[in-house]
Amino acid sequence: MGMTFAVAALCLGYTSCGDDEEDEREPKPQDEESTGEDSSNEEEADEDEISYTGVYDCKVDGIYYTLHFNDRTAEVVACGRRVVDIPSSIDYEDATENYYSGSYTVTSIGSKAFYKCSSLTSVTIPESVTSIGDYAFSGCSDLASVTIPESVTSIGVQAFSCCTLLTSVTIPNSVTFIDNSAFYCCSSLTSVTISTSVTCIGSFVFSGCSSLAFITIPNSVTSIGDETFYGCSSLTSVTIPESVTSIGGSAFSGCSGLTSVTSLSATPPSCSTSTFSGVDITICALLVPSGSKDAYASATGWSSFHYIREEAAAQL
């Protein structure tokens, strides 16, 4: 009951799928000193572009940035165009202090940078970017595809949540951890490829991805969080690699389409009685390595499967 309440609270209190939470995207006058631009010559915003009332240092081609002067890097903080091509670097000219002028490498997409930009259809992320912040693309309901470059090492909380037109995603080799709810409620997502560098899949990461039919969990992953695949009703089979030692509560709850679960570890990964709740365990087969059937038949969360069948390693 406690877990069910937690899921309901996440779905109803969730920040990106329809809440009218205050945002900082509306017209705001900026002076020369804060932006490094002459306001009298500032280009007019096109019909797709927002103005941003938060803190920023400059605006280049409709994209707002904060600058880190010590290491000459820039972070994207806002943009409202339909098609966005983030450059790998920008040139900044400070009209009052020449020290700050120069080229800045774009290394990060900040928290809520494209939050609820429902008109965004395409974004190009350069190889210079190493991190995608919390809620960065949350609520971008028209975003159908995104390529995450090999340079990215971290994907933040709810970074792509509620991108309801997103159909596929590849997590690059540079990423080691997918943070909580990163792809929460991406209801059109059908396939996910996770690289062998990922060691942990956070809680709720693919929760509510009702169209997800194919997922490859690499042998590098050691833990799967709570409700990671909650409600992935189109998932028909899943293979849990030998490297996984723990699976969170309700991780596969509501995966009503599952007909087979393959676990490659001779030692059953720790899980709870809710891990596979909502899965029809009377017809879903559990395939395990030779000699491990008894261990699974007596393990919490696994023993409820009606059909536990041993397979040779080559068959698994």
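Predicted model: local features only at pLDDT ≥ 70, side-chain atom pairs only at ≥ 80, totals over all residues.

Student: What makes strand β2 largely enclosed by the rest of the structure?

Tutor: Strand β2 covers residues 63-68, and five of its six residues are buried, so the strand is largely enclosed.

Student: How do you know that β1 and β2 pair?

Tutor: Two strands pair if there are at least two bridges between them. Strand β1 (residues 58-60) is joined to β2 by three bridges, and the two run antiparallel. The count meets the cut-off, so they are called paired. One of the bridges can be located: Cys58 has Tyr65 in β2 as its partner.

Student: What lies between β1 and β2 in their hairpin?

Tutor: Two residues lie between the strands, and Asp61 in the turn has a positive phi of about 50 degrees.

Student: How many bridges are there between β2 and β3?

Tutor: There are six, in the antiparallel sense, and β3 spans residues 73-79. At least two are needed for pairing, so this pair qualifies too. His68 stands opposite Thr73 in β3. The hairpin of β2 and β3 has four residues between the strands, and Arg72 takes a positive phi near 55 degrees there.

Student: Which residues are on the covered face of strand β5, and which on the uncovered one?

Tutor: In β5 (residues 89-92), Ile90 and Tyr92 form the covered face, while Ser89 and Asp91 form the uncovered one. β5 pairs with β6 (residues 102-109) in the antiparallel sense over four bridges. Tyr92, from the covered face, stands opposite Gly102 in β6.

Student: In which order do the strands of the open sheet come?

Tutor: The order is β16-β18-β19-β20, and the pairing is parallel.

Student: Why are β16 and β20 called edge strands?

Tutor: β16 (237-240) and β20 (307-311) each pair on one side only. Neighbouring strands of this sheet are turned by 20 degrees against each other on average, direction ignored. Within the sheet, β18 and β19 (residues 285-289) pair in the parallel sense over three bridges, and Thr262 stands opposite Leu287 in β19.

Student: Why is Ser263 called buried?

Tutor: Its relative accessible area is 0%. The cut-off is under 20%, so Ser263 is buried. Ser263 lies in β18 (residues 260-263).

Student: How do you know that the side chain of Ser263 makes a polar contact with that of Tyr296?

Tutor: The distance is 2.6 Å, and the cut-off for such a pair of N or O atoms is within 3.5 Å. Leaving aside neighbours within four places in sequence, residues in contact with Ser263 include Tyr296, Ile240, Leu287 and Trp302.

Student: What makes the pair of Arg309 and Glu311 a salt bridge?

Tutor: Their side chains meet at 2.9 Å, N to O. The definition asks for a side-chain nitrogen of Lys or Arg within 4 Å of a carboxyl oxygen of Asp or Glu, so the pair qualifies. Side chains of opposite charge can pair when their charged atoms come close. The structure holds one salt bridge.

Student: Are Arg309 and Glu311 buried or partly exposed?

Tutor: Arg309 has a relative accessible area of 45%. That value lies between 20% and 50%, so Arg309 is partly exposed. Glu311 has 14%, which is under 20%, so Glu311 is buried.

Student: What is noted about phi in Lys116 and Glu227?

Tutor: Phi is near 60 degrees in Lys116, a positive value in a residue other than glycine. In Glu227, also a residue other than glycine, phi is positive and near 55 degrees. Lys116 lies in the loop between β6 and β7 (122-124), and Glu227 in the loop between β15 (223-224) and β16.

Student: Why is Lys116 called partly exposed, and why is Glu227 called buried?

Tutor: Lys116 has 28% relative accessibility, between the two cut-offs, so Lys116 is partly exposed. Glu227 has 0%, under 20%, so Glu227 is buried.

Note on methods
Residues numbered from 1 in each chain as written. Heavy atoms only, no water. Buried < 20%, exposed > 50% of the residue type's maximum accessible area, 1.4 Å probe, protein only. Polar contact = N/O pair within 3.5 Å; in protein donor to acceptor, adjacent residues only side chain to side chain. Contact = heavy atoms within 4.5 Å. Axes fitted to C-alpha atoms, helices over the stretch in contact; angles between N-to-C directions.
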